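Me: Can you walk me through the charge pairs and surface on this one? Here it is.

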Amino acid sequence: MSDYATVQDIQDLKRALTSEEQSRAANLIPIICDEIRELAFRQGKDFDAMIAADHLVMVTTADQLSYSGLVMVANLFADVKSNERLNKGLKLTGVIVTRFEKNKVSELYLNKIKQDLGQAVIEPVIRKATKMQQAVSLKESIYDLDPSGKATSDYVEVAQQLALRILQA
């Protein structure tokens, strides 16, 4: 895996470095890059995958902990996109909200997600359904277990919306 920066990048951003500073920077860059990778890994993220991808799709639920994680990933996306050496072409193709329950807390966090990420949120949100939990537990497809269910139709519509966004990008 390559490093995210070079000594020249540091000089371009800051100032010309002395020979000793260049040597120290050259030694530190791989260590720092490994630390970034490790920190992302501990958060369940693959920084290098985001750098190599064309599209980013974020999946979340409308609750406080998921919202906090979503904000972290959105910030990481902004960092990757803004850095010439990483992936300026990365597109936020969509945000999928799953296991949505109609209550005040979920509505609050859904509104926060929409406020922060606007058009990236794919409609409809995917409603929470007992059949969905059963499908996961039974290792069956929701399309086989509950083909006419509300959550199933939500997934079909979201998949169609996502496919359209990728084709139009």
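Me: How many salt bridges does a search of the whole structure find?
Reply: Five, taking a salt bridge as a side-chain nitrogen of Lys or Arg within 4 Å of a carboxyl oxygen of Asp or Glu. This is a predicted model, where local features need pLDDT of at least 70 and side-chain atom pairs pLDDT 80 or more, while totals for chains, interfaces and linings use all residues. Residues are numbered from 1 along each chain as its sequence is written, and side-chain values use heavy atoms, leaving out hydrogens and water.

Me: What does Lys 128 pair with?
Reply: Glu 101, at 3.8 Å, N to O. That pair links distant parts of the chain, 27 residues apart: Lys 128 is in the loop between α5 (104-117) and α6 (130-138), Glu 101 in the loop between β2 (91-98) and α5. Helices (H or I, at least four residues) and strands (E, at least two) are DSSP runs, numbered from the N terminus.

Me: And Arg 24, which partner there?
Reply: Glu 20, at 4.0 Å, N to O. Both lie in helix α2, four residues apart, about one turn of the helix.

Me: Arg 24, buried or exposed?
Reply: Exposed, at 51% relative accessible area; the classes are buried under 20%, exposed over 50% and partly exposed in between (1.4 Å probe, protein chains only). Glu 20 is exposed too, at 55%.

Me: Which partner does Lys 114 have?
Reply: Glu 123, at 2.8 Å, N to O. Lys 114 is partly exposed at 32%, and Glu 123 is partly exposed at 38%.

Me: Different topic. Where is Ile 36?
Reply: In helix α2 (residues 19-42). Ile 36 is partly exposed, at 34% relative accessible area.
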